[in-house]
Amino acid sequence: MLNVLTPTEVIDVINKHFTKTTFQYEKIFTVNSVGRILHTDIISNEDVPGFDRSTVDGYAVRASDTFGSSESIPAVMTVTHEILMGKIITTSLNKETDENPANITIDENNNPCVAISTGGAVPEGFDAVVMVEHTESYSDNMIGISKPVAPGNNIIFKGDDVSKGDLVLKAGAELTVHDVGVLAALGFEYINVRKKPRIGIISTGDELVNITDTPSDGEVRDVNGCMLAAAAKKYGGIEVSYGIVRDDEESLINVLKNCIKNLDCDIILISGGSSAGDKDKTAKVIESLGELLFHGIAIKPGKPTILGIVNEKPVFGLPGHPVAAYMVFELFVREVISCYLGTTIKRKTTIAKLNEAISANHGREEIVPVKLVNGVAIPIKGKSGLISKLIDINGYIIIPRNCEGLSKGTEVELVYV
Ligand code: AMP
Ligand code: MG
């Protein structure tokens with residue numbers, strides 16, 4: 001007898017048993033961190049930028065000197081210096097003091113300005129930058145400004161971007177290429193990220209052969225071993241592919257023990273043999289080594305799914321049918337990986353119109369794989385077990401367990417995979 005749970009109950013069981021409060025982590029080069037999960041909050045140790053920077057090519061000015069300027073009556077200014085990239089000049093507008101010795105003294109009565117490039121350091125005493133496009137060069141280091149600027153124009157001030165003490169990235173964030181840019185700006189060559197879970201993958205079935213073999217009549221290639229390894233990798237795990245095990249309790253017990261002890265797997269997936277027939281050994285094996293949390297989910301496809309705990313490690317029994325195994329991975333195995341990494345799954349969805357009616361009256365929530373074409377969801381049909389169904393899948397829609405079906409044209413929420 002299967003102790004069947006609803007999908008919501010399954011998620012509750014997963015969260016109850018596998019939510020972590022402490023995480024394993026490792027230090028890696030920031031450049032290698034895209035897709036990894038940040039272990040600790042990143043707090044800035046410094047202001048970025050560390051100085052007031054021009055955002056344009058032009059002239060640093062005192063904004064008040066430009067007030068009233070126009071194309072017909074430009075403000076005439078004296079270019080006293082040029083600021084080189086990577087250099088600063090300390091200026092004082094006729095106000096040099098002992099505490100603040102300046103290396104340059106500028107006659108403040110002369111409408112002074114300094115030439116500056118994008119990213120250059122705006123000297124003290126100047127409060128705006130005029131774009132070069134709004135200036136005209138005269139002889140003798142004089143320029144005319146044809147458009148006034150307000151204080152602060154075209155300057156990023158020290159700490160504008162990030163201030164010292166700011167929380168820049170939160171623990172648990174999945175790092176992106178642009179996050180790496182921010183980390184580089186803050187000087188983080190290395191960061192701590194959550195360790196990837198090692199996901200042991202075992203395929204069971206007397207009829208299975210390796211994908212490099214040509215199956216004889218009655219045999220099939222081990223699709224799940226390869227597909228689940230790819231899924232494990234995609235969702236942040238390290239695949240530990242065990243290969244094929246025959247439908248034999250003792251062999252499976254040994255392999256499972258090996259996966260946990262010698263191969264140090266954090267999550268184990270056993271596909272095939274997850275129903276309650278004589279040939280189905282997964283439930284018995286988990287029970288003999290640990291505890292069975294449930295056997296069966298009120299879902300189609302995917303009913304014969306098992307979850308247990310052996311040595312505190314989650315062990316899934318997944319259905320043998322590849323489409324079902326894949327869907328159960330998407331819906332539930334990912335939840336366990338998220339618990340391990342301390343992340344929340346963000347599923348991308350869209351609203352689509354059904355291109356045909358779907359009936360569903362079997363009392364189980366139905367996961368319907370669909371293809372999305374120009375905003376229209378086309379259910380992928382076919383006898384269960386057809387591998388080619390996998391190729392067309394863009395996502396799935398969920399028909400609730402007590403819904404009799406959906407009519408053509410219904411707006412449905414498609415979850416991308
Ligand atoms: P089972 O869950 O063991 O009853 O298997 C259900 C169906 O899935 C059977 O037709 C199996 O041959 C097939 N199957 C089981 N495991 C795999 C696998 N690793 N790759 C491809 N097909 C499989
Ligand atoms: Mg089997």
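Y190 is partly exposed in this predicted model, with a relative accessibility of 38%. Two aromatic pairs turn up in a search of the whole structure, 2 in total. In one of them, F29 and Y190 are stacked, with ring centres 4.9 Å apart and planes at 20°. The planes count as stacked because the limit for that class is under 30 degrees. F29 belongs to strand 1 and Y190 to strand 14 (residues 190–194), so this contact ties together parts that are 161 residues apart in sequence. F29 is partly exposed, at 38% relative accessibility.

Contacts between a charge and a ring come next. R194 places its charged end over the ring of F23, 3.9 Å from the ring centre. K348 lies over the face of Y416, and here the distance to the ring centre is 5.0 Å.

Side chains of opposite charge can pair when their charged atoms come close. The whole structure contains 9 salt bridges. The table lists some of them.

| R36 | E26 | 2.6 Å |

R36 and E26 form a salt bridge with their closest N and O atoms 2.6 Å apart. This pair links distant parts of the chain, 10 residues apart: R36 is in the loop between strand 1 (25–29) and strand 2 (42–43), while E26 is in strand 1. R36 has a relative accessible area of 12% and is therefore buried, the cut-off being under 20%. E26 is partly exposed, with a relative accessible area of 28%.

K381 is exposed, with a relative accessible area of 58%. E356 counts as partly exposed, at 22% relative accessibility.

K371 is partly exposed, with a relative accessibility of 29%. D392 is also partly exposed, with a relative accessible area of 33%.

Conventions
Residues numbered from 1 in each chain as written. Chains lettered and ligands numbered in written order. Predicted model: local features only at pLDDT ≥ 70, side-chain atom pairs only at ≥ 80, totals over all residues. Heavy atoms only, no water. Salt bridge = Lys/Arg side-chain N within 4 Å of Asp/Glu carboxyl O. Helix = DSSP H or I, 4+ residues; strand = E, 2+ residues; numbered from the N terminus. Buried < 20%, exposed > 50% of the residue type's maximum accessible area, 1.4 Å probe, protein only. Phe/Tyr/Trp six-rings, centres within 6.5 Å; stacked < 30°, edge-to-face > 60°. Lys NZ or Arg CZ within 6 Å of the ring centre and 35° of its normal.
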